[in-house]
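Dear colleague,

I am handing over the structure we spoke about, with the sequence alongside. Please have both open while you read the notes that follow.

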Amino acid sequence: MYNDYPQPHEDLRELVDRIDKLGQLVRVPEADPDLELGTLIELVAHRGGEGAPALLFEKLTGDSKGFRVLSGATNSAQRLALTMGFPRPGHPLAAVNSYRERMQTHQPIPPSEVDSGPVLQNILREGEIDLTAIPAPRLHELDGGRYLGTDDLIIMQDPDDGWVNIGTYRAMVQGPDRTGLWISPGKQGRQIREKYFAQGKPCPVLISCGHDPLLFLASGNELRWGLSEYDYAGGHRGAPIEVVRSELYGLPMPAAAEFVIEGELHPGETAPEGPFGEFTGYYAGGRSEQPVVRVRRVYHRDNPILTVASPIRPPSNFSYSKCVMKAGMV
């Protein structure tokens, strides 16, 4: 059994249906991605607390391509249990105990490579890509731009031993085929990037902007060097994550992802990035030069769902799950 179901959810869409049946999903008919969406996320998170629902924005003002946005998928004990396959919790502390017990027996399960998947329903190549036409939200009034990547997966492969790392780092739209990528010092993704740069090579990267929240939880966890977040997430799922290889660099992307960018970072190629309201509830930094991804492929499903984790004054729309997992580890 996987919570109340006989098997794990296949993808984000099936999980959304399960959350809806649980009575913890609010469908917002339309919202403007310029500040209104971020404001609604913040109001619901702060007024609802642990009982706040997940939000599915079904239409974004000015968008004609059918994009949707999901926020707060794991921000309650019940929804976290659905995502991770815990027994239905009668009390929030039950989710902490479930995570603690799971980690005593958890064994990583490597991903399973498949030939195709829903993420390949649409493929845009050079000359067809325009990130500025995507309704990426401007979440806070002093943000330096629109951020396509907040609840995102930055997928890289170490050039020396080939292991695949997944982290969550903010990605700001910089132009039709450019996106900034801010990676904090010390993070594994930054170490991998610097390895490529030290060799004078571009650093290949995938940016998934819509996916199973289980992968987002894995990407934000502190894992040892060499352990892929795919393996960690598979261990929690009890079954492999299905991945499909990207066209350009053969990087593994979730086969059921909603929206994925492929490109590369080049040594010395930067653009002004930020400021951005961060998870502390403050604008933690100003505007600075940061590396830029040259976007050469976009893969997406029909009517894709972008996953958004808006950093606001805590509690935020993603802090609950982080707290449960940290408490379980302690």
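This is a predicted model: local features need pLDDT of at least 70, side-chain atom pairs count only at pLDDT 80 or more; totals for chains, interfaces and linings use all residues.

Residues are numbered from 1 along each chain as its sequence is written, and side-chain values use heavy atoms, with hydrogens and water left out.

Arg296 forms a salt bridge with Glu126, with 2.8 Å between the closest N and O atoms; the term stands for a side-chain nitrogen of Lys or Arg within 4 Å of a carboxyl oxygen of Asp or Glu. This pair links distant parts of the chain, since Arg296 is in strand β15 and Glu126 in the loop between β5 and β6, 170 residues apart; helices (H or I, at least four residues) and strands (E, at least two) are DSSP runs, numbered from the N terminus. Glu126 is partly exposed, at a relative accessible area of 44%. Both residues also belong to a network of salt bridges that joins Arg125, Glu126, Glu247, Glu264, Arg296 and Arg297.

The structure holds 23 salt bridges. Another one of them brings together the side chains of Arg138 and Asp34, at 2.7 Å from N to O. Arg138 lies in the loop between β5 (122-125) and β6, and Asp34 in the loop between β1 (25-28) and α2 (36-48), so this pair ties together parts that are 104 residues apart in sequence. Arg138 is partly exposed at 21% relative accessibility, and Asp34 is partly exposed at 39%.

Turning to the rings, there are 3 aromatic pairs, counted where rings of Phe, Tyr and Trp (its six-membered ring) have centres within 6.5 Å, with planes under 30 degrees apart called stacked, over 60 edge-to-face and the rest tilted. One of them is the tilted pair of Tyr147 and Phe276, at 4.2 Å centre to centre and with 35° between the planes. Tyr147 is in strand β6 (residues 147-149) and Phe276 in the loop between β14 (259-273) and β15 (288-300), 129 residues apart, and both are buried.

Finally, the charged end of Arg18 sits over the ring of Tyr5, 3.9 Å from its centre, a contact that requires CZ of Arg or NZ of Lys within 6 Å of the ring centre and within 35 degrees of the ring normal.

Technical notes
Buried means under 20% relative accessible area, exposed over 50%, partly exposed in between (1.4 Å probe, protein chains only).
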